[in-house]
Amino acid sequence: MFELSPRHRKVREAARQVAAQVDAFAAEADESTEVHAGTLAALRASGLARHVVPAAYGGESEMLDPLTITVVREALMYSSAHLDSLFAMQGIGSYPLAVGGGDALRRSWLPRVAALEAIAGLALTEPDVGSDLRAVATTVESVAGGVRVHGRKSFITNGGAADFYCVLGREGGDGYSMVLVPADAPGLTVTPGSGLIAPHILGELDFDGVVVPEENRLGVPREAFSLMLRTLAVFRVSVAGAAVGLAQAALDEALRHVTTREQFGRPLIHLGAVAQNVALSWTEVEAARALAYRAAALAGADPLARLDMSSIAKVAATEAAGRVVDRSLQVMGRFGLVRGAKIERLYRNARPLRVYEGATEVLLDSLARRLAKGVS
Ligand SMILES: Cc1cc2nc3c(=O)[nH]c(=O)nc-3n(C[C@H](O)[C@H](O)[C@H](O)COP(=O)(O)OP(=O)(O)OC[C@H]3O[C@@H](n4cnc5c(N)ncnc54)[C@H](O)[C@@H]3O)c2cc1C
């Protein structure tokens, strides 16, 4: 059994406390496509966002710790997907800045990210580009007076709510660059994104020849694809943590129901198939948790070197969450189908986890390529 250190248990406890506060209005928060004020206030007061910013810029530890982020996301997602997203995006949206930004740029933004006074966004996806990020069409080029960003970004979390976006674009034909674009940069227009089955803060970003100072470049010009990959590598395993939190919430919801509702003269949990159902879910939750923690601990030293384990944990935990929430709904019978029931919200919230930050099939595809090369 993988044991968390006292430090990790302490941060998990802090996250559980915020989650418990938000639980009272989690249904409302999870319907929101704008920042939910009560959720933001609770997260801000907790100071948890400091865990996704390096200590030199107002954060908690010298380097980000994937295991800390994973256990925090597990605790937050147990209560609310909106809460989990607000936390996670502070890290995902600011990591290219923390690693690839100049000192002045970092000093001007990161302490505010850590304090949740500035909201971060990461803009990779485009209307015609999803999994195949090498095909991005947004352009980046140096011009008189700075660096020019031109193109469209789509399905961007925190779009419209963020104070800045770290944007991936193509430069000079076959190069890739990243640039920090403040939300109020002239030429940037943000419109609301699609309404999802699991509501989410989403925006469509239109960069119409936006020019920002050269100092807003992140990473090495034309060689920033690796900076983007590094960002995804640090945070991929934390999606597994979120999936475990959601699966645990679904199992707990099912248990509440099957231990109190009686049919055929006894609580549902004593009916064979129902007993098997919840026991199998418990097994899957524990397996996913153990794998998520182990992969997150391995990612600590060098996330890119341990990316296979992070991918395995993400696939295993998000697919398990899908099965657990479906099984949990099944044992609740008609009550599981009621709009507004907690299990209905969990059912919807489980679904995007298998698509974003590496769809299951995309990750399996890259794992298979690694196996074919003889890496195990
Ligand atoms: C809630 C939510 C939040 C998001 N937030 C952000 C954000 O903040 N920033 C951002 O840049 N993007 C964001 N996205 C976009 C997200 O990153 C993309 O949805 C994801 O990369 C997949 O791209 P796609 O949806 O275009 O699917 P596609 O790339 O069109 O793929 C569709 C399906 O085809 C299959 N597939 C694709 N490629 C392969 C392959 N190589 N091998 C096998 N099967 C394959 C998979 O099943 C995949 O689900 C968000 C998406 C969601 C749902």
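I looked up Ala-317 and found that, leaving out residues up to four places away in sequence, Ala-317 touches Ala-240, Ala-243, Val-244, Ala-288, Leu-291 and Ala-292; contact here means C-beta atoms, placed from the backbone, within 7 Å. The model is predicted, with local features needing pLDDT of at least 70 and side-chain atom pairs counting only at pLDDT 80 or more, while totals for chains, interfaces and linings use all residues. I number residues from 1 along each chain as its sequence is written.

Next I looked up the largest nonpolar core, which has 119 residues, and Ala-317 is listed with Ala-243, Leu-246, Ala-247, Ala-288 and Ala-292 as having the most contacts inside it. Such a core is a set of buried Ala, Val, Leu, Ile, Met, Phe, Trp, Tyr and Cys residues joined through C-beta atoms within 7 Å, where buried means 20 or more other C-beta atoms within 10 Å of a residue's own, and exposed means 12 or fewer. Helix H8 (residues 225–260) gives the most to this core, with 18 residues; helices are DSSP runs of H or I with at least four residues, and strands are runs of E with at least two.

I then turned to helix H1, in which Val-11, Ala-15, Val-18, Ala-19 and Val-22 are buried. Seen down the axis of H1, these buried residues fall within an arc of 100°, so they line one face; the arc is taken over directions from the helix axis to the C-beta atoms. On the other side of H1, I noted that Pro-6, Arg-9, Lys-10 and Glu-13 are exposed.

Last, I checked residues 225–371, whose span is 75% helix and 3% strand.

Technical notes. Contact = placed C-beta atoms within 7 Å.
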